[in-house]
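Please view the sequence and the structure below before reading on.

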Amino acid sequence: MTTLLAALKQSVRGRVISREDSDYDAARALYNGMIDKKPLAMARCVDAADVVAAVKAGRQHGALIAIRGGGHNGPGLGSCDGGLVIDLSAMRSVRVDPAARTVRVDPGCTSGDVDHATHAFDLAVPFGIVSTTGVAGLTLGGGTGYLTRKYGLTVDNLLEADVVLADGSFVTASAQQNPDLFWALRGGGGNFGVVTSFLFKAHPVGTVYAGPVFWDAAHAKTVMRAYREFLPRAPEELGTFVGLKTVPSTDPFPREHWGKRACAVISCYAGPIAEGEKTMAALLKAAPAPLFNWMGAMPFPAIQALFDGFFPKGLQWYWKGDFVSTLPDEAIDVHIAQAAQAPTELSLMHLYPIDGAVRRVARDATPWSARDATWSMVIAGIGTEPKQAEALKRWGRQYWKAVHPFNLEGAYVNFLMDDETEDRVQATYGPNYKRLAGLKRKYDPDNVFRVNQNIKPATS
Ligand SMILES: Cc1cc2nc3c(=O)[nH]c(=O)nc-3n(C[C@H](O)[C@H](O)[C@H](O)COP(=O)(O)OP(=O)(O)OC[C@H]3O[C@@H](n4cnc5c(N)ncnc54)[C@H](O)[C@@H]3O)c2cc1C
């Protein structure tokens, strides 16, 4: 009988990387340096045929299979210990159709790859706020970012996906073809197959009015209250999130503010610059003078990549999330008290708005059920040293425990670590979980794709 490695090497055109290879450690390294997984083999696929071959070889040899898009997942669900990683990172082409305003995206692309390609045509697809994040995992989980209020979640802009299913067959999913699979893909994560190509709707976005405004944490309560009142009235062109963080002790931040606890509002107005300035003026008027206001006109890909330099690959990350409906003063007090105990400068809490266009899509139209929430919260303990891992986890858990009573039960699936219970995954999908479990039984009855926030196949 052939080994998994031999079978992969015979059938996959891309490189097959194993423990024998000198670049094994570099190839298996994930974005989150806290996660250290050692797969048996990584099949670096170059096309859909490679993915078919890899899925078949993995199944024939009874291997645990993980799917790797951008490798940015918090708990490292793009890899596994002792199994096969279907690594899509070599599939990175983007093709824009400016007339149809659509974009065909390979599954190894980062959102920066797509922003770069679409910006040439003054177009953009709503993705997240760090441009090194993989499009595949972000999209399959839902996807929130600066354009969400105006154009919806990333999944609301997905038109079609090519998918290799658990039995190795290849299908296209769209509103017309395999619509039930198309439904499941728009939030159900990597549970239903390996997506080998995405087709997105793009929108007219070129130069934006964007950037961060930081206040001293002493004003955090005033700023968070002002932001809370401002958000529902702000035009949907404005994507704006509030966060509690620390002014990084590095250039280009003003030296006199290095290491200060801060409250920040980070925004992107995708419309005329003057209207962006006018819109933000209303918030700035309601708050005290900031430490600094770095908003200005910039190309959309610039705001998308603004934080990339602060978050290189290999940092330690511990995530906790929740959907949030309201932000009462008592919750603000808890946030401020907990954020003040952050163990590192990089650690943060962000509240991303999921209102506007998100709410115009029915709750059962996609698996993302929290259409009536106002924010998706993330608490991220982030550090540079492995020895900080325990402190980051402790802080994240303690912060979440204190603030969770004010929040909804579920969380954005891409903000869950691997220490969450099955109940949390179910709460995340709410009333849509049952349909997801039924479709899991139809498309992946043996739960081949289980290295994810798993949806168990329905038993009856
Ligand atoms: C710095 C940072 C910033 C972030 N900001 C945002 C943000 O602004 N908005 C937001 O919505 N999210 C954000 N996220 C979360 C992000 O959406 C998730 O980390 C997501 O999992 C990343 O996708 P990936 O392809 O890079 O991940 P991977 O680790 O490659 O994969 C993640 C999961 O997706 C599955 N998967 C990957 N590719 C495929 C595929 N082709 N077919 C089927 N399943 C697949 C995997 O099985 C795995 O379960 C951020 C993450 C980081 C680290």
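The ligand sits in the largest cavity. The model is predicted. The largest cavity has a volume of about 920 Å³, and the structure holds 3 cavities of 30 Å³ or more.

**The shell around the ligand**

- The ligand is surrounded by 33 residues, and the closest of them are Gly69, Gly71, Ile129, Thr144 and Tyr412.
- Four elements each supply at least two residues of this shell: strand 3 (65–68), helix 5 (135–141), strand 10 (194–201) and strand 17 (316–324).
- Helix 5 gives the most to the shell, with 4 residues.
- Sorted by class, the shell has 16 nonpolar, 16 polar and 1 charged residues.

**Polar contacts and burial of the ligand**

- The side chain of tyrosine 412 has a polar atom 2.7 Å from an oxygen atom of the ligand.
- At glycine 71, a polar backbone atom is 2.8 Å from an oxygen atom of the ligand.
- Isoleucine 67 also has a polar backbone atom facing this comparison, at 3.2 Å from an oxygen atom of the ligand.
- Taken alone, the ligand exposes 950 Å², and the protein buries 97% of that area.

**The lining of the largest cavity**

- The largest cavity is lined by 49 residues; Asn73, Thr133, Gly137, Leu138 and Asn414 lie nearest its centre.
- Two or more lining residues come from each of strand 3, helix 5, strand 10, strand 17, strand 18 (348–353) and strand 19 (375–383).
- Helix 5 provides the largest share of this lining, 5 residues.
- By class, the lining of the largest cavity has 25 nonpolar, 22 polar and 2 charged residues.

**The second largest cavity**

- The volume of the second largest cavity is about 70 Å³.
- Its lining includes Gly141, Gly187, Phe323 and Pro367, and also the residues Trp368, Ser369 and Ala370.
- Ala411, Tyr412, Val413, Thr428 and Tyr429 belong to the lining of the second largest cavity as well.
- The lining of the second largest cavity divides into 8 nonpolar and 4 polar residues, with no charged ones.

Terms used:
Residues are numbered from 1 along each chain as its sequence is written. This is a predicted model: local features need pLDDT of at least 70, side-chain atom pairs count only at pLDDT 80 or more; totals for chains, interfaces and linings use all residues. Side-chain values use heavy atoms; hydrogens and water are left out. A residue is near a molecule or strand if one of its heavy atoms lies within 4 Å of it. A polar contact is a pair of N or O atoms within 3.5 Å; within protein, one must be able to donate a hydrogen and the other to accept it, and residues adjacent in sequence count only if both atoms are side-chain atoms. Accessible areas come from the Shrake-Rupley method with a 1.4 Å probe; for residues, only the protein chains shown count as cover. On a 1 Å grid over the protein atoms alone, a cavity is a set of points where a 1.4 Å probe fits but cannot get out, and a pocket is an open set with protein on both sides within 12 Å along at least five of seven lines; lining residues have an atom within 4 Å of a point. A molecule sits in a cavity or pocket if more than half of its atoms lie within 2 Å of its grid points. Ala, Val, Leu, Ile, Met, Phe, Trp, Tyr, Cys and Pro count as nonpolar, Asp, Glu, Lys and Arg as charged, and the others, Gly among them, as polar. Grid points are joined across faces, edges and corners, and a volume is the space filled by probe spheres set on the points.
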